[in-house]
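Let's take a walk through a protein model together. Keep the picture open while you read, and look up each residue as it comes along.

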Amino acid sequence: MVDEKKVNQVVDSRNGVERGDPSGDTPGYELPLLLFAGFRSLIDQLHAELARQGHPDVRPAHGFAMQAIGLDGATAATVGRRLGVSKQAAGKTVDRLTALGYAERTADPTDARRKLVRLTPHGLDALARSARIFDELRARWSATLGPDRLRALETDLRTVTPPDTFTLDAEGWLGP
């Protein structure tokens, strides 16, 4: 929200159906907004905690890029393909990660013409901390919702999402 008004809210033409209205279903547009709000809440809390733990410069796009680089390293072109962005956009993100000390460019041992991007110990530390923080955030959701409801939510989301959705990006989500 920019102010007290929900400036990007879709207007629902069905009278009487409001958020939390027990007399009927909520408007269809609310589901993706709630899912996104949950995602955003987790990501924002993750980055606040990462900052407290010594990684104040890591941004959500950096996390996706570090996942795309992986433990074995990758070329900038591979990072771009995994993120669904151009090689140039991936290169800019890699440049930023390199400047921040999270990644480095090294010679590819299998092809002297290529450069690999590898995570530094600092980058690996950020990913390890992220995993622990996500476990803590999940535990908080479990305490709030109850472990059975959280497991049911996760099961339900697995049911309605295709099995191959754990990619870093769907074409065009993070880039043009």
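We'll begin with the overall layout and then visit some residues and contacts.

First, some ground rules: this is a predicted model, where local features need pLDDT of at least 70 and side-chain atom pairs count only at pLDDT 80 or more, while totals for chains, interfaces and linings use all residues. Residues are numbered from 1 along each chain as its sequence is written, and side-chain values use heavy atoms, with hydrogens and water left out.

The chain has 6 helices and 2 strands. Both kinds of element are DSSP runs numbered from the N terminus: helices are H or I with at least four residues, and strands are E with at least two. Of the 176 residues, 28% count as buried. Here buried means under 20% relative accessible area, exposed means over 50%, and partly exposed is in between, using a 1.4 Å probe and protein chains only. How much of the contact total comes from residues 24 or more positions apart? Among contacts with a separation of 6 or more, such residues account for 48%, where a contact means heavy atoms within 4.5 Å.

Now find helix α1, which covers residues 30-52 and holds both F36 and F39. The structure holds 1 aromatic pair. The rings of F36 and F39 have centres 6.3 Å apart and planes at 35 degrees, so this pair is tilted. For the cut-offs, rings of Phe, Tyr and Trp (its six-membered ring) pair if their centres lie within 6.5 Å; planes under 30 degrees apart are stacked, over 60 edge-to-face, and the rest tilted. The two residues sit 3 residues apart, about one turn of the helix. An α-helix has 3.6 residues a turn, so residues three or four places apart point the same way. F36 counts as partly exposed because its relative accessibility is 49%, and F39, at 40%, is partly exposed as well.

Also in helix α1 is E49, which counts as buried because its relative accessible area is 19%. E49 and R129 are 80 residues apart in sequence, yet their C-alpha atoms are 9.2 Å apart in space.

Next, hop over to helix α3, where T78 is found. Is T78 buried or exposed? T78 counts as buried, because its relative accessibility is 16%. Its side chain makes a 2.9 Å polar contact with the side chain of T75. A polar contact is a pair of N or O atoms within 3.5 Å; within protein, one must be able to donate a hydrogen and the other to accept it, and residues adjacent in sequence count only if both atoms are side-chain atoms.

Helix α4 takes up residues 87-100, and its 14 residues should span 20 Å at 1.5 Å a residue; the end C-alpha atoms are 20 Å apart, so the two agree. (The expected span is 1.5 Å times one less than the number of residues.) In α4, A90, G91, V94, L97 and L100 are buried, and their cover includes α2, α3, β1, β2 and α5. After α4 comes G101, with a positive phi near 85 degrees.

Then come the strands. β1 (residues 103-108) and β2 (residues 111-119) run antiparallel and are joined by 6 bridges; strands pair if DSSP finds at least two bridges between them. A hairpin of 2 residues joins β1 to β2, and E104 stands opposite R118 in β2.

How many salt bridges does the whole structure have? A search finds 8, each being a side-chain nitrogen of Lys or Arg within 4 Å of a carboxyl oxygen of Asp or Glu. One of them joins R114 and D108, at 2.5 Å from N to O. D108 is buried because its relative accessible area is 6%, whereas R114, at 38%, is partly exposed. Another links D111 with R113, the closest N and O atoms being 3.0 Å apart. D111 is buried at 18%, while R113 is exposed at 76%.

Finally, E154 and R138 form a salt bridge of 2.8 Å, N to O. This pair links distant parts of the chain, with E154 in helix α6 (residues 147-160) and R138 in helix α5 (residues 121-145), 16 residues apart. E154 is partly exposed at 22%, and R138 is partly exposed at 34%.
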